[in-house]
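I opened the model and kept notes as I went. The entries follow the order in which I looked things up.

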Amino acid sequence: LAQIQGADEAISSEIEDEKPLVGIIMGSDSDLPVMAVGARILKQFGVPFEVTIVSAHRTPFRMTKYATEAAARGMRTIIAGAGGAAHLPGMVAAMTTLPVIGVPVKGSSLDGVDSLHSIVQMPRGIPVATVAINNATNAALLAIRNLAAFMPEYQLKLEQYYISTEYEVLGKAEILER
Ligand code: RP5
């Protein structure tokens, strides 16, 4: 609970009046430190989003409700993070036609390889766009790319973002070369 309370600021969307376009869900509050990184990216880009806990195993009926209602609520992409026997992204993808991005969360025993395999090895017909272990940053950027396909303002913001990351690297290289 302390993790959730402490993360309030990081994960709250500033655009509270707007309906969320991206839903970030995770199997447990223990996934929050990883998933909050993605939330911060969405916040930085001004994307209306929501963050909540939906467990495939502990709250299966809540998962069904979330997945089946997300599109009608105006959501455009779901980012789902889970660890271990990480069924959440795949099960959500089975119950919605929205794009689902899976974030394999590194657990304590198998370095996240179990989560990665659980999420990436989806059966034919039910895709989950799987990012690298713990890489909620890429999940958020991929969600923004989905939005940018039909919302040009996000296209512009992505271009600015990548210019800034390029300058960041060039700046570091320059310091090293001095
Ligand atoms: C998964 O089990 C969650 O996504 C989490 O990564 C993992 C462990 O959950 P806790 O036991 O920490 O709640 O469902």
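**Entry: Lys65**

I started with Lys65. I find Lys65 in helix α4, which covers residues 60–69.

**Entry: confidence and overall form**

I then looked at confidence. The chain has a mean pLDDT of 94, and 90% of its residues reach 70 or more. For the complex, the predictor gives an ipTM of 0.97 and a pTM of 0.93. I keep one caution in mind: where pLDDT is low, the predicted coordinates should not be read in detail.

Next I listed the elements. The chain holds eight helices and five strands. Along the sequence I read the pattern α-α-β-α-β-α-β-α-β-α-β-α-α. The radius of gyration is 17 Å, close to the 16 Å of the globule rule for 178 residues, so the chain is as compact as a globular protein of that length. Along the principal axes, I note a C-alpha trace of about 55 × 40 × 40 Å. Of the 178 residues, 38% count as buried.

**Entry: strand β1**

I moved to β1, residues 22–26. How many of the residues of β1 are buried? Five of the five are, so β1 is largely enclosed by the rest of the structure. I sorted the strand by direction. Val22, Ile24 and Met26 point one way, Gly23 and Ile25 point the other way, and all are buried. In a regular strand the side chains alternate between the two faces of the sheet.

I then looked at the partners of β1. Strand β2, residues 49–53, runs parallel to β1 and is joined to it by five bridges. Strand β3, residues 77–83, also runs parallel to β1, again with five bridges. Opposite Val22 I find Phe49 in β2 and Thr77 in β3. I also traced the link from β1 to β2. With helix α3, residues 32–44, the two strands make a right-handed β-α-β unit.

**Entry: the ligand shell**

Which residues are around the ligand? I list Met26, Gly27, Ser28, Ser30, Asp31, Ser55, Ala82, Gly83, Gly84, Val105 and Gly107. Met26 is in this shell, and I had already met Met26 as a buried residue of β1. By class, I count three nonpolar, seven polar and one charged residues in the shell.

**Entry: two positive phi values**

I closed with backbone angles. Asp111 has a phi near 60°, positive in a residue other than glycine. I place Asp111 in the loop between β4 (100–105) and α6 (113–120). With 11 C-beta neighbours inside 10 Å, Asp111 counts as exposed.

Asn134 is another such case, with phi near 65°, a positive value in a residue other than glycine. Asn134 lies in the loop between β5 (129–130) and α7 (136–148). Is Asn134 buried or exposed? I find 21 C-beta neighbours inside 10 Å, so Asn134 counts as buried.

Methods
Residues are numbered from 1 along each chain as its sequence is written. This is a predicted model: local features need pLDDT of at least 70, side-chain atom pairs count only at pLDDT 80 or more; totals for chains, interfaces and linings use all residues. Helices (H or I, at least four residues) and strands (E, at least two) are DSSP runs, numbered from the N terminus. A residue is near a molecule or strand if its C-beta atom, placed from the backbone, lies within 6 Å of it. Ala, Val, Leu, Ile, Met, Phe, Trp, Tyr, Cys and Pro count as nonpolar, Asp, Glu, Lys and Arg as charged, and the others, Gly among them, as polar. A residue is buried if 20 or more other C-beta atoms lie within 10 Å of its own, exposed if 12 or fewer, and partly exposed in between; C-beta atoms are placed from the backbone. Two strands pair if DSSP finds at least two bridges between them. A crossover is right-handed if, with the strands pointing away from the viewer, the path from the first strand over the helix to the second runs clockwise. pLDDT is the predictor's confidence in each residue, from 0 to 100. The radius of gyration is taken over C-alpha atoms; the globule rule is 2.2 Å times the number of residues to the power 0.38.
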